[in-house]
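Here's a quick briefing to read alongside the structure. Have the viewer open and follow the topics below.

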Amino acid sequence: MNGRYRGFLTTFVLIFLLHCSPALRAQDGCLTCHQTMEDPRAALFLKDVHKAKGFSCADCHGGNRNAEDMETAMDPDAGFRGVPSGDEITEMCSTCHSDGSAMVKTYNSILPWGQKALLEASVHNKLASNGKERIVNCATCHNAHGILPVENPASPVYPLNVTKTCGKCHSDASYMRIYNPTIAVDQVDKYRTSVHGKKNASGDRKVAECASCHGSHEIRSAKDVKSRVYPTNVPETCSSCHSNPEYMAGYGIESDQFEKYSKSVHGKALLEKNDIGAPACNDCHGNHAATPPGVASVSNVCGTCHALNADLFAQSPHKEAFDEADLPECETCHGNHEIVSASEKLLGVSDEAVCSWCHGGDPESKGYKTAASMRLLADSMDRAERRAIGLVEDAEQKGMEISDAKFKLRDARQAILQSRTMVHSFDEERFREVITAGIAVTAVAGSEANEAIDEYYFRRWGLVFATSMLILLSISLYVYIRKLEKRKETGTRNSAG
Amino acid sequence: MKKRLNILYEWVNDRVHLEDLVEFLGKKYVPVHSHSVWYYFGGVSLFLFIIQVVTGILLLLYYKGSEELAFESIKFIMSKVAFGWLIRSVHSWAANLFVLAAMIHMFSVYFTKAYRKPREITWLTGMLMFFLVLGFGFSGYLLPWNELAFFATKVGTDIAGVIPVIGKPIMVFLRGGEDVTGATLSRFFGFHVAVFPGIFTVLLGIHLILVQRQGMSEPLHIERGGGSGGKTMPFFPNFLLRDLLLWLIVLNLLAILAVFFPWELGQKADAFAPAPAGIKPEWYFMFMFQTLKYIPAKLWIIDGEVFGIMLFSIAGLLWTLVPFWDAKSARGEKSRRIIYIGIFVVMYIIALTILGWLS
């Protein structure tokens with residue numbers, strides 16, 4: 001190839017590249033001019049991720065980037081739009097960020113392109129107090145000029161900066177009052193006291209920050225069942241990190257809490273029965289101020305719901321003993337994440353009974369005797385209830401009206417639940433009182449059921465008697481009728497004869 | 001004993017001349033033929049009505065006809081009142097047998113064409129009593145104020161409400177308002193224990209007097225074939241004693257049903273609860289209910305449900321007026337058309353009732 005042709009080909013390739021690639025396009029007149037004016041926005045834009053992808057000011061603001069004078073460059077007839085505000089910003093960003101084809105093919109980006117749809121479904125999509133725009137647009141969190149990738153430590157959405165970014169609004173009481181007067185504004189402060197917050201402040205970008213639990217674009221109200229922080233979704237949200245052994249490696253805690261919790265009485269109530277009264281992770285550990293409850297505070301945490309049990313325990317002799325031995329109060333017997341439904345098996349001096357852990361050694365000790373005696377009482381209540389249930393079911397199966405006795409069985413069940421609470425007093429006499437009352441109720445229910453069963457047999461025998469009488473009467477009547485008709489037939493024949 | 005009874009008879013006879021009645025009854029004969037068995041169903045219906053009156057009065061001693069207390073009072077009767085379970089179960093079972101016996105009696109009269117001249121009034125009073133029996137069933141069903149009764153009444157009165165022009169006022173009148181409430185219960189209670197029994201007793205009186213006055217009708221084909229050949233049975237005491245024998249059997253049947261299948265009470269009605277799945281009316285309304293389910297929602301310009309109700313109303317009216325349009329039977333001529341219509345109606349009711357239960 002001679003030099004003439006080589007020069008022609010080079011020129012052609014340069015023209016082609018300048019035309020096709022935004023990065024290689026002509027000099028950005030807007031930026032040049034605004035840099036000359038020492039406009040801070042121009043300085044910010046120089047670091048912007050979009051600048052690196054070849055975007056110019058005109059791509060968002062419109063106008064002619066190649067014009068040399070300002071009036072031509074910012075001529076509305078040339079498409080100049082000025083400074084977009086409010087929802088216009090979101091619309092502007094979404095022209096590319098909602099266009100998967102453009103994102104992949106033109107900009108070689110692997111970013112998701114559903115942010116606008118997610119934002120529209122989020123709590124931030126509500127109308128702002130001015131009534132003209134949504135509460136949040138893209139620039140609210142990402143800034144307008146100088147937008148940086150999320151991995152850049154200077155980005156406002158970098159994990160270590162997220163709390164500050166969210167806190168701009170959420171820590172501003174006067175601002176938040178406009179939208180939700182009841183919402184707390186101390187989340188950031190609380191977060192800074194939590195394990196997550198402390199590690200985040202020390203530069204650990206792996207720990208949870210606002211977006212880790214609430215999401216980023218798709219943030220919904222905590223009352224929304226689709227929210228990641230709605231009670232039934234909280235365990236899964238927490239487990240997204242805490243059940244990942246690789247992710248949790250280095251933190252010195254186990255990663256089986258969710259697995260255990262799912263099997264627990266609390267987990268089953270929340271996750272299987274959708275009972276949002278049951279505790280999720282945050283109910284014991286806190287949410288923004290998430291911290292594991294310590295030995296001293298476990299009973300207070302459990303006691304927020306199990307108040308009677310906590311009160312009885314606090315008045316019992318065990319309180320002092322546990323404090324001295326530095327044992328967590330509830331957790332010692334019931335466990336933490338895998339708390340199973342309490343039953344009589346926990347009580348007593350058998351191998352499976354928790355009392356035997358401390359009192360199993362000496363059969364002559366007061367603790368051993370009390371535990372054994374309380375277990376006997378609990379078992380007698382259990383037997384009495386099962387017997388009464390059996391009788392009531394038998395009577396019901398026989399078709400008897402037994403609703404009163406069935407209602408009393410509910411009282412008996414209530415007495416059992418009450419006895420399970422009273423166990424925490426570790427006072428045999430008080431426990432006996434509850435059990436005695438419960439057994440008395442089962443006795444009444446059983447007696448009513450027995451009466452109903454007796455009544456059932458009385459009815460059957462009554463029917464046998466009544467049927468016998470009716471059959472006897474019918475046969476007598478039939479014989480009388482036959483006799484009457486025979487007499488008449490004979491009379492008729494005699495008169496005919 | 002016999003002597004004492006004679007003295008008592010003479011004492012009464014001196015005052016009210018019982019011998020006239022005995023003489024009248026002594027002259028009354030019932031024809032004996034291959035279809036005589038159908039004569040007994042009138043007596044069985046009467047017996048079941050008497051059972052209903054007696055058990056109904058006993059239930060009234062404890063029943064409380066209000067929204068708050070109706071269910072509880074029935075529960076009390078079933079569990080606490082001595083033999084209350086028996087009285088309530090007998091009342092419920094006898095109600096169903098009453099409808100069945102009345103239905104058999106009606107169809108036997110239809111097929112033997114006993115409605116023909118001169119017994120048109122007897123048929124008319126019988127038909128009116130039959131409609132009242134259905135009214136007894138419908139109104140009595142609500143009285144325990146349980147879930148099934150509540151929704152069955154709601155559906156039943158809803159159906160009445162779709163009749164053009166008069167439907168809505170009828171529905172509001174029946175319910176005592178727009179919805180089934182305690183006001184409906186009070187009304188139905190009033191209908192069940194006062195209005196219907198009052199009218200029924202008058203009609204029953206006329207019906208019985210006419211039966212006694214005109215005697216039993218012989219089936220048309222037997223009459224045309226020369227009658228039963230003079231084979232008769234004295235009404236008193238022979239026929240009455242046979243009636244009594246059947247009544248004893250029915251009484252025993254009622255006792256067996258009440259003991260082995262006590263009538264359930266179910267759950268108390270709750271207006272805010274969803275209707276129980278697969279809710280169905282009592283068996284005697286089933287064929288109509290099932291028909292309405294099969295009729296398309298719209299038939300040309302007429303609403304399907306309205307069409308169904310109109311159809312049943314017209315059919316019921318024509319059935320009631322059969323003595324007046326069946327001219328052949330009135331003239332004593334054979335009328336196959338009447339038999340075919342009757343067979344169709346019986347087959348239709350049986351088939352649709354079965355389909356209703358299976359669906």
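Helix 26 of chain A covers residues 366-397, and at 1.5 Å a residue its 32 residues should span 46 Å; the end C-alpha atoms sit 46 Å apart, so the expectation agrees with the model. Keep in mind that this is a predicted model.

**Helix 26 of chain A**
- Just past the end of helix 26, A:G399 takes a positive phi of about 80°.

**How helix 26 packs on helix 27 in chain A**
- The axes of these two helices of chain A lie 11 Å apart, at an angle of about 165°.
- Angles over 145 degrees count as roughly antiparallel, and helix 26 and helix 27 of chain A are therefore roughly antiparallel to each other.
- Their crossing is left-handed.
- From helix 26, the residues that meet helix 27 are A:A378, A:M381, A:E385, A:A388, A:I389 and A:V392.
- From helix 27, the partners are A:A405, A:K406, A:L409, A:A412, A:I416 and A:S419.
- Sorted by class, this contact has nine nonpolar, one polar and two charged residues.

**Where chain A meets chain B**
- Each chain puts 18 residues into the contact.
- On the chain A side, helix 27 (403-422) and helix 28 (428-496) each supply at least two residues.
- Helix 28 of chain A gives the largest share of that side, with 14 residues.
- By class, the side of chain A that touches chain B has nine nonpolar, four polar and five charged residues.

**Helix 12 of chain B**
- This helix runs over residues 283-294, and its 12 residues should span 16 Å at 1.5 Å a residue; the end C-alpha atoms are 17 Å apart, which agrees.
- Buried in helix 12 of chain B are B:F285, B:F287, B:M288, B:F289 and B:Q290.
- What covers those buried residues includes helix 13 (304-320) and helix 16 (336-358) of chain B.
- B:K293 also lies in helix 12 of chain B.
- A residue is buried with 20 or more other C-beta atoms within 10 Å and exposed with 12 or fewer; B:K293 has 14, so B:K293 is partly exposed.
- B:K293 and B:E305 are 12 residues apart in sequence, and their C-alpha atoms are 8.4 Å apart in space.

Key: Residues are numbered from 1 along each chain as its sequence is written. Chains are lettered from A and ligands numbered from 1 in the order in which they are written. This is a predicted model: local features need pLDDT of at least 70, side-chain atom pairs count only at pLDDT 80 or more; totals for chains, interfaces and linings use all residues. Helices (H or I, at least four residues) and strands (E, at least two) are DSSP runs, numbered from the N terminus. The expected span of a helix is 1.5 Å times one less than its number of residues. Two residues are in contact if their C-beta atoms, placed from the backbone, lie within 7 Å. Ala, Val, Leu, Ile, Met, Phe, Trp, Tyr, Cys and Pro count as nonpolar, Asp, Glu, Lys and Arg as charged, and the others, Gly among them, as polar. Axes are lines fitted to C-alpha atoms, for helices over the stretch in contact, and angles run from 0 to 180 degrees between N-to-C directions. Angles under 35 degrees count as roughly parallel, over 145 as roughly antiparallel, 65 to 115 as roughly perpendicular and the rest as oblique. A crossing is left-handed if the near helix is turned anticlockwise from the far one by less than a right angle, and right-handed if clockwise.
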